[in-house]
Number of protein chains: 2
Amino acid sequence: MIIIGELINGMYKDVGKAITKREKDVIQHLAQDQVKAGAKILDVNTGPYSKNPKDDMKWLVETIQDASDASLCLDSTKPDAIEEGLKLVKKRAVINSTSADDDRMDVIFNLAKKYNTQVIGLTMDKSGVPNSRDKRVELAAKIIAKAMDHGLNANDIFLDPIVLPVNVAQTQGLEVLEAIREFRLISDPPPNTIIGLSNVSQGTKFRSLVNRTFLVMAVADGLSAAILDPLDKELMDALISAELILNRHIYCDSFLDAYRKR
Amino acid sequence: MIIIGELINGMYKDVGKAITKREKDVIQHLAQDQVKAGAKILDVNTGPYSKNPKDDMKWLVETIQDASDASLCLDSTKPDAIEEGLKLVKKRAVINSTSADDDRMDVIFNLAKKYNTQVIGLTMDKSGVPNSRDKRVELAAKIIAKAMDHGLNANDIFLDPIVLPVNVAQTQGLEVLEAIREFRLISDPPPNTIIGLSNVSQGTKFRSLVNRTFLVMAVADGLSAAILDPLDKELMDALISAELILNRHIYCDSFLDAYRKR
């Protein structure tokens, strides 16, 4: 499974401060620590309080790339901030994200085509996040079709069924899990799927427990990627074990260490 | 999910000794502790070294029932030992188990009919444990059909796809998990499914981690019961969280305590 590290996000207090004050060390350590813990891609989000998202994105991408050769996932509601990052990335990037709205998809898929990126497609539109797996699948198919209209490949899209907090949307856990399974039937080879994991435990008391439990269930349903905190060791242990059970890496007694040393 | 406590089994050294020496306290504490931790049913197995399985089963059933009103799951290869227990049980029991072999099914289903029990049906036969989910489903359907021929209801059968140790049969994890899902399509309402969990981690170094990861994946696939160690707190936390995510109990901040106080 592809792990996208979530920690470089201006919504976290320390990171927000580091962006404002241009503290390179904070960002670079976060980049290196996440990669060391298993992240293959780093999410880069200037955060909700950024006064100049374009400048902040430029600085973040440069700062991270000075210290790490991980791929980047450029995470912003603002296409011009995403493009500022895309101009600088050294490896193939991921755009986070488009909704299933036509106007947003046109903008984001044009960027994806221009800069040869992958794209996270959220199965929601102007009417909000669907309540059912069926509506999520409908929007997922719409996203894949639109991406192909723009000349992208189906497997350049990561379909995101949108995980909601279990404490306020408890019926949605099963819908999201089954949607992951059903998304895989949309095309052959199956499209990639992704979740923003931490949202499931937002506002709950046992965040790590809820996160790792949900992740293991999603892995059982065939999830291909997740945005998560790779520094949560118990979460990573659970993920490594789930992938072991699915025969994605060979068993040895020290399978946790072996995975981490890859 | 129905939890069947696995700890009253003569293969464990202390339990074997307690059976031989007729130490009631040891057995009664194990019964009470497992029920307190969440077991609804207690597995009762005289163990591989029992010199007189009939007497041992009789003593175990009487001893447990003197201290607990849990239902019992009578676990023996010997039909006469099972029947000895069935004569004594105060609540509806489960027989653990029959294979998909006709001769074994005839004996076990006759007992089940006579004593009005449920039965665990292992999807294996004289040729061994299947390698594929398809063969498991074929044997599961055979077990359900045979049970119905004997006048049992489909939902009195717990279909067991047979979990194998991940360190020696790593390809079988996915087959077992998908079999759980496919068993549910055999009849409507879906038949019950069960696993003997601890087998998955037999011989591995991180047994609790592997057990709880596999259990959460199986819960995602719709598992209805498991034979496990309810005294493994992390295992129970994972199970409670997985069922929370599937909306099987209502979210509250102290959902772990709330579940345990039910």
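Biologist: Why is Arg92(A) called partly exposed?
Modeller: The model is predicted. Arg92(A) has a relative accessible area of 36%. Buried needs under 20% and exposed over 50%. The value lies in between, so Arg92(A) is partly exposed.

Biologist: What makes Asp156(A) and Arg92(A) a salt bridge?
Modeller: Their closest N and O atoms are 3.1 Å apart. The cut-off is 4 Å, so the pair qualifies. The two residues are 64 apart in the chain. Asp156(A) sits in the loop between helix H6 and strand E6, Arg92(A) in the loop between helix H4 and strand E4 of chain A.

Biologist: Is Asp156(A) buried or exposed, and how do you know?
Modeller: Asp156(A) has a relative accessible area of 8%. That is under 20%, so Asp156(A) is buried.

Biologist: How do you know that Arg133(A) and Glu175(A) tie parts of the chain together?
Modeller: Their side chains meet in a salt bridge at 3.1 Å, N to O. Arg133(A) lies in helix H6 and Glu175(A) in helix H7 of chain A, so the link spans 42 residues of sequence. Glu175(A), at 15% relative accessibility, is buried. Arg133(A), at 21%, is partly exposed.

Biologist: Why does the pair Arg212(A) and Glu234(A) count as a salt bridge?
Modeller: The closest N and O atoms are 3.6 Å apart. The limit is 4 Å, so the pair counts. Arg212(A) is in helix H8 and Glu234(A) in helix H9 of chain A, 22 residues apart in sequence. Arg212(A) is buried at 14%, while Glu234(A) is partly exposed at 39%.

Biologist: Which residues form one network of salt bridges?
Modeller: Glu178, Arg181 and Asp221 of chain A and Glu178, Arg181 and Asp221 of chain B, joined by salt bridges that share partners.

Biologist: What makes Arg181(A) and Asp221(B) a salt bridge?
Modeller: The N to O distance is 3.1 Å.

Biologist: How do you know that the buried residues of H1(A) lie on the same side?
Modeller: The buried residues are Val15(A), Gly16(A), Ala18(A) and Ile19(A). They cover an arc of only 160° around the axis, which puts them on the same side of H1(A). The face turned away carries exposed Lys13(A), Asp14(A) and Thr20(A). Helices H2 and H3 of chain A are among what covers the buried residues.

Note on methods. Residues are numbered from 1 along each chain as its sequence is written. Chains are lettered from A and ligands numbered from 1 in the order in which they are written. This is a predicted model: local features need pLDDT of at least 70, side-chain atom pairs count only at pLDDT 80 or more; totals for chains, interfaces and linings use all residues. Side-chain values use heavy atoms; hydrogens and water are left out. Buried means under 20% relative accessible area, exposed over 50%, partly exposed in between (1.4 Å probe, protein chains only). Helices (H or I, at least four residues) and strands (E, at least two) are DSSP runs, numbered from the N terminus. The arc is that of the directions from the helix axis to the C-beta atoms. Contact means heavy atoms within 4.5 Å.
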